Amino acid sequence: ASLLALPLHAEPLAFGLFGDTPYNHWERENLPDLIAEMDHEKLAFTVHDGDIKSGSSVCSDEALKDILEVFRQSATPLIYVPGDNEWTDCHRISNGSYDPLERLEKLREWYFPDDMTLGRRPFKLERQSADPTFARYRENVRWKAGGALFVGLNIPGSDNNFNGGKRSGGPVAEFTGRSAANRAWLAQAFAMARTGKLAGIMIVIQANPDFEAANAGEPKPGYRDFLSQLREETQAYAGQVVLVHGDTHRHRIDQPMEDPTTKATVKNFTRVETMGSPFFGWVRATVDAADPQVFRFAPRFWRKP
């Protein structure tokens with residue numbers, strides 16, 4: 001499939017990463033200004049890696065549509081990856097006791113109605129829903145830019161909905177179906193990056209998949225298969241791999257992936273965690289296929305009043 005997104009020649013470009021916001025009134029009030037700051041930087045696109053509300057606020061239609069309207073006003077093309085606070089955790093009494101799967105369907109209907117990004121100057125994305133086998137998974141996307149491939153996957157916090165909102169008893173059917181879709185999408189992405197001889201691949205998810213637990217030989221059940229696939233694909237790829245996530249609200253750029261046999265750090269893998277509430281800001285990133293690192297990152301924290 002051809003990717004008719006941004007110019008395919010590998011000109012270096014800048015983009016923005018943010019997530020886990022807005023969680024409170026102050027962040028909601030300042031969100032348009034944060035987006036305007038990113039717009040001012042002439043970025044190629046921005047990516048919100050999930051959690052458009054706090055874990056204890058109501059998952060109402062109004063709440064979901066409110067942030068959608070803010071995203072639509074972005075002058076920069078905006079890609080949104082779903083987080084646990086807007087679907088997997090909506091069964092909580094504090095969230096209004098919604099059915100998480102019903103909320104996810106609403107997110108798909110409202111945030112991903114077509115093949116375009118959000119924002120006032122959208123460009124075309126490739127959605128997994130174009131494949132009849134995975135027609136439901138409209139949120140899984142990919143696009144090429146700056147000589148790299150970008151991939152969005154629906155892998156949220158709360159252990160990736162492994163137990164379906166209960167304390168145990170997983171894997172539930174929703175998790176199993178979505179994991180099969182994610183697995184296929186990630187495999188295709190690495191295959192495209194290899195055959196296209198792309199310099200790098202960036203994968204964006206919401207969840208912190210807990211590399212530390214996996215490195216200790218005790219991966220969380222909701223992330224075990226994803227992490228092993230990600231490691232195998234990364235080790236079989238000559239370029240640079242970046243995983244961007246939110247979820248634990250601790251901005252960091254590190255190399256947490258280990259080979260399970262040798263315990264050596266996997267050198268072509270980097271993790272970037274975006275800042276999250278109560279920290280407010282975004283990460284300015286660049287992609288340059290001619291740079292050995294391919295991707296570079298600079299945090300932009302906002303000062304709170």
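How far apart should the ends of helix α2 be, with its twelve residues at 1.5 Å a residue? That is where these notes start.

1. **Ground rules.** This is a predicted model, where local features need pLDDT of at least 70, side-chain atom pairs count only at pLDDT 80 or more, and totals for chains, interfaces and linings use all residues. Residues are numbered from 1 along each chain as its sequence is written, and side-chain values use heavy atoms, with hydrogens and water left out. Helices (H or I, at least four residues) and strands (E, at least two) are DSSP runs, numbered from the N terminus.

2. **Helix α2, length.** Back to the opening question: α2 (residues 61-72) should span 16 Å, and its end C-alpha atoms are 16 Å apart, which agrees. The expected span of a helix is 1.5 Å times one less than its number of residues.

3. (Buried means under 20% relative accessible area, exposed over 50%, and partly exposed in between, with a 1.4 Å probe and protein chains only; the arc is that of the directions from the helix axis to the C-beta atoms.) As a reminder, an α-helix has 3.6 residues a turn, so residues three or four places apart point the same way.

4. **D61.** Also in helix α2 is D61, which is partly exposed at a relative accessible area of 27%. Not counting residues up to four places away in sequence, D61 touches Y98, R103 and W110; contact means heavy atoms within 4.5 Å. The C-alpha atoms of D61 and R103 are separated by 8.7 Å, although these residues are 42 residues apart along the chain.

5. **The cores.** The largest nonpolar core has 28 residues, and the ones touching the most other members are F15, F45, W143, F150, M202 and F295. At least two residues of this core come from each of β1, β5 (141-145), β6 (148-152), β7 (200-204), β8 (240-245), β11 (281-287) and β12 (295-301). There is also a second, separate core of 26 residues, and I201, Y223, F226 and L230 are among them. By nonpolar core I mean a set of buried Ala, Val, Leu, Ile, Met, Phe, Trp, Tyr and Cys residues joined through side-chain atoms within 4.5 Å.

6. **Helix α5 against α7.** Helix α5 (residues 173-195) and helix α7 (residues 224-235) pack at an angle of about 10°, their axes 11 Å apart. That makes α5 roughly parallel to α7. (Axes are lines fitted to C-alpha atoms, for helices over the stretch in contact, and angles run from 0 to 180 degrees between N-to-C directions; under 35 degrees counts as roughly parallel, over 145 as roughly antiparallel, 65 to 115 as roughly perpendicular and the rest as oblique.) On the α5 side R183, L186, A187, F190 and R194 meet D225, F226, Q229, L230, E233 and T234 in α7.

7. **More on α5.** With 23 residues, α5 reaches 33 Å from its first C-alpha to its last, close to the 33 Å expected at 1.5 Å a residue. Its buried residues include F175, W185, L186 and F190. Just after α5, K197 takes a positive phi of about 50°.

8. Which peptide bond ending at P22 is cis? The one from T21, with omega near 5°; P22 lies in the loop between β1 and α1. The bond from S277 to P278 is cis too, with omega near 10°, and P278 is in the loop between β10 (269-273) and β11. V294, not a glycine, has a positive phi of about 65°; this residue sits in the loop between β11 and β12 and counts as buried at 4% relative accessibility.

9. **G50.** Leaving out residues up to four places away in sequence, G50 touches G19, D20, Y80, V81, P82, G83, E86 and Q206.
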